Amino acid sequence: MNDTEYDAEVDLVVSSYPIQDDLDEDLLAADQVPQQYQEVQIPEVVKNFILFFHRNILENNVYELQAIYEHSFNKLTEKFYAKESWPEPEAISPLVNDDQVFLTLYRELYYRHIYSRLTPTIEHRFHSYENYCDLFNYILNSEGPVALELPNQWLWDIIDEFIYQFQSFCNYRNRIKNKTEEELAFLRDNSQIWSCYSVLNVLYSLIQKSRITEQLLVSKNGGDMVEAAGEYGSRPLYKMLGYFSIVGLLRVHCLLGDFTLALKMMDNIELNKKQALFARVTACHVTTYYYVGFAYMMMRRYADAIKAFSHILVFINRTKQYHTRSYQHDQINKKGDQMYALLTMCVTLCPTRLDENIHSQLREKYAEQSNKLSKPEEAMAVFEELFQFACPKFISPNGPNLDDPEVMNLTPFEPIQHYTKIFMAEVRHSILLPTLRSYLKLYTTMGNEKLASFLEIKPEELRQLLMMAKIRSRQIKWVSGTLLEGEYQGTSDLDFCLKEDMIHIAESKVGRRYGDWFLRNINKFQDILGGLELTTKA
């Protein structure tokens, strides 16, 4: 991506943050709380905030709602509810005349706060699921489009949190050894709550209702999205929820281990398109590239994974001054650290030139691990450590059979361990390739037995290793079309052949291209090189 395209995305990030940073308590205080509500043990400023919040929901004032959602709510949380939950919805119901739509939205924030700051109980998990069902039923099953508008950031967070709580529940459900009989009975009697089917059904229903797939397809072919929007898709609420659900399905299918289907969900979303909708919300932007890159990595398309991770990490670096103003600052930084770890592994498995700033950050964060990854005796442990730190928290679609009397004695299935083993099996076959490559770069010809002795393996094993290196030097790389499409291309700067027990090494087209560029510009580097004599391979 060129600088102009980056600048366009940066402009989207800047414009997504409202100017109003401070909680305007004078404005809130202007709304007088009725006398009959004074007995509720809620701070006055919070009561006024709820009234102001409710009024702007009724008026669909998206600009004020964005300031309320991103700033005011978080400032009040830090001041009053850093270590306890917000007032229960029933306590604020009289303040908003028992407005069920507002209370459903408030509950979404209420339970999300419990998940992020406190420890949710099983009742919290169930009630939060029921609230999401109420919210999505209202949006999807009302007679005609609902008269509700919310900021894009909140709409993304609704989808993101819905998937996060589903993921959290799946992992909670699988760990049954420390659960009480009451909790087990609760899980046994409510097996359909947070089921994989219900979550997927919501996301696919939002996509279908909004006709977002049809809209994106029309836009992809140069048309106007409005032509295919329909009654629901023309409303920003439905359009953006449908769009964010596509990214949500990318994430869910990655969590379930179906990386091909995950990328298939992105067929009509063009990652390289200027002003793409996902770039309007930074968290969505980062999530999209994280899961696209991770899916590519698990499919052994390391060059495409490196491209995805590098793109979004450059973007994060260029917009980091704005992230400090976001309530998701820590989350974005953590996701960035995870992608640097994934990038470190990908570059080890598929050596590639990186952006200078990314390379510098990579060395700063993971220099020690990167050095160990090139040493076969230490690499396996480091690969496993980095993978478990950086991979998503995989889930199992089915929980344990709680009707089985022996279930308490069984070792729970840990999805993350399962996918770690799959990845490590791939790494194990490639563990000697960095060392092999380092030797090949030193020679133009080399005997098979000599190289085998350097690597401390048998000549027969070296032949297999060379064959594997040859195969791995070509990968499917995206050129155009959908993310699953691509062409087989060379990814290594070395090429070699084995003839009569003699290895002949030459630079590949990639290596020659960079070498030719360097030689063409050699005069520019004379001062730096200090008269150093250069030699090239024959």
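Predicted model: local features only at pLDDT ≥ 70, side-chain atom pairs only at ≥ 80, totals over all residues.
Local features need pLDDT of at least 70, side-chain atom pairs count only at pLDDT 80 or more, and totals for chains, interfaces and linings use all residues. Residues are numbered from 1 along each chain as its sequence is written, and side-chain values use heavy atoms, without hydrogens and water.

A nonpolar core is a set of buried Ala, Val, Leu, Ile, Met, Phe, Trp, Tyr and Cys residues joined through side-chain atoms within 4.5 Å. Buried means under 20% relative accessible area (1.4 Å probe, protein chains only). The largest such core holds 144 residues. Ile50, Trp86, Met297, Phe383 and Phe423 have the most contacts inside it. Helix α13 (residues 236-255) is the top contributor, giving 13 residues; helices are DSSP runs of H or I, at least four residues, numbered from the N terminus. Domain 1 (8-14 + 143-269) and domain 2 (281-430) both supply residues, so the core lies between them. The domain bounds come from an automatic or database assignment. Another core, of 16 residues, lies apart from it and includes Leu462 and Ile505.

An unreviewed UniProt entry places "transmembrane region" at residues 241-265 and 277-297. Such annotations may be inferred rather than shown by experiment. Residues 241-265 are 84% helix, with end C-alpha atoms 15 Å apart. Residues 277-297 are 76% helix, and their end C-alpha atoms lie 25 Å apart. Both spans have 0% strand (strands are E runs of at least two residues).

Helices α6 (residues 100-117) and α7 (residues 122-141) are in contact (heavy atoms within 4.5 Å). Among the residues that meet are Tyr111 in α6 and Tyr132 in α7.

Key
Buried < 20%, exposed > 50% of the residue type's maximum accessible area, 1.4 Å probe, protein only.
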